[in-house]
Amino acid sequence: MTFMTDFTDVFARSATLSKDDKSWLRRILDDWQVIADLSFADLMLVIPIQENGVQRLVVAAQCRSSTVVSRQIDDMVGKNLPESLVAPVYDNLNGRVDGGIDHYRMVGSATVCDDFVPVRHNDKILGVLVRETNMMTRLVNGHYESESIKVGHEIFAMIGDGTFPYVDDLLSKQRHDPRVSDGFLILSEDGIVEYAAPNAVSCFRRLGLVTDLIGRYLSEFITDRIQENDKVPESLPGVLTGKFFADSEITTSNASIALRCFPLFSGGSRTGAVILCRDVTEVRRRERELETKDATIAEVHHRIKNNLQAVSSLLRLQARRTKNEEVRKELQEAQRRVETIAVVHEGLSQTADEVVDFDAVIAKLLRMAVEVASTDEQEIKISYLGQFGMMPAQDATPLSLVLTELVTNCVEHGFENRKEGNILISVGRSGKNLNVVVEDDGNGLETEVDEKGKSVKASGSGLGTQIVNTFVTNDFGGTIKWGVNHPHGTRVEISIKLRAAEN
């Protein structure tokens, strides 16, 4: 299907088309590929445009058939209609139409047959649809071609009656919608199969068809093959009887067949339907495999989280049992770090992707870090500026450890002997580049240096600072800068490049 994306610009140049008119034309373009494919012909939508006091006929959109080699090589969208077509198009625009006469013309060495239909909506002619058939491709018509062209002509004529596009639809807009080339059935008004294209017969063979479909009610054939536990979409009865413009799918233990129904109308009455069908058995099998894989990955993360929480609980119990205060503190720090990793895996267990919403994860972790590090009398507030966004686990786990260590350091040293304090985390992200600033209004940098004055103190034995430096510089290849936060407090600036994040 080929029509220029600027058909909206062409519509905008018309002073006579209302918003509702343009919406109707767009709906034709949504589904006119089926007309081109059934008809083995190219389509052009032509609208009149008044510019500088002169009315011109302009091609607003075009559609090439995917079932035959197109004669039309150039894109016609936005161009004036060929002069040889101007007179019959004006006849259709003005209601001077004799549908029984085809228009023939020579284009190079090819004979082209043109059919025209006025696009009607609310008793108004919005434009004209031109169907162009290269007669060189119609030298020999078999049963398949004849039936296809016949129903293609019926849908084409429905545009002139205002019954196409359909007012109501139950389309699901799936990625694997059936096309004419996948196979089609023609039903009578009563839902009896009048014709089945070879590819359609192959589809229904997957459902157990061993006899001819012709002359049978399609709904009865399908009903006989649906088992008690098979999924039956609500739209299926309407599709099988040809009554609704809708998508549906037949799913059995052996096969999955996607369907799309195009009811046929003439003189305001339904005369039958065309049902496109596609064998999507292999597609659905692969989708089920992916769902199983995603569920397995989520379950693995869930079990890892449970195991880590079990380790965290053991560390907590051991910390309570020890009588050595320094050992107790080290065990508590280890327990907190294990819990940090567990929270990341908890986030991963709730999604099918190896990606977590890092803003939600880190908010929970840092709140937990503040509660663990602070005393009951302290009120420490933490706020955020900017967003981290979605982040793969490969980056989320080490970054979580870095930030929890920094926040814990703020609470234990920056707010030592203080009843309240504030921590601000500012985030700037552009693709893989991430800048984070952690600021507190605590006691200041001078109170947080070690005994030798060479590095910032961290909780416990200084392992926290080592963890921060290792991940930032070695894993992320970034930089970390400690400084004074004015008028008082500490400011830590981190610049890193995420390893697995997508732009």
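**A histidine and the salt bridges**

A: In this predicted model, the side chain of His121 makes a polar contact with the side chain of Asn122, at 3.3 Å. His121 belongs to strand β4, which covers residues 110-121. His121 counts as buried because its relative accessibility is 11%, under the 20% limit. Leaving aside residues up to four places away in sequence, His121 touches Asp20, Asp21, Trp24 and Leu126. Thr163 is 42 residues from His121 in sequence, and their C-alpha atoms are 9.0 Å apart.

Turning to charged pairs, the whole structure contains 17 salt bridges. One of them joins the side chains of Arg105 and Glu132, with an N to O distance of 2.8 Å. That pair links distant parts of the chain, since Arg105 is in strand β3 (residues 103-107) and Glu132 is in strand β5, 27 residues apart. Arg105 is buried at 12% relative accessibility, and Glu132 is buried at 5%.

A salt bridge of 3.3 Å, N to O, connects the side chains of Arg260 and Asp177. Arg260 lies in strand β9 (residues 256-266) and Asp177 in the loop between α5 and β6 (184-188), so this pair ties together parts 83 residues apart in sequence. Arg260 is buried, at 8% relative accessibility, whereas Asp177 is partly exposed, at 22%.

The side chains of Glu249 and Arg284 also meet in a salt bridge, at 2.8 Å, N to O. Because Glu249 lies in strand β8 (residues 246-251) and Arg284 in helix α9 (residues 281-321), the pair ties together parts 35 residues apart in sequence. Glu249 is buried, with a relative accessible area of 11%, and Arg284 is buried, with 11%.

Conventions. Residues are numbered from 1 along each chain as its sequence is written. This is a predicted model: local features need pLDDT of at least 70, side-chain atom pairs count only at pLDDT 80 or more; totals for chains, interfaces and linings use all residues. Side-chain values use heavy atoms; hydrogens and water are left out. Helices (H or I, at least four residues) and strands (E, at least two) are DSSP runs, numbered from the N terminus. Buried means under 20% relative accessible area, exposed over 50%, partly exposed in between (1.4 Å probe, protein chains only). Contact means heavy atoms within 4.5 Å. A polar contact is a pair of N or O atoms within 3.5 Å; within protein, one must be able to donate a hydrogen and the other to accept it, and residues adjacent in sequence count only if both atoms are side-chain atoms. A salt bridge is a side-chain nitrogen of Lys or Arg within 4 Å of a carboxyl oxygen of Asp or Glu.
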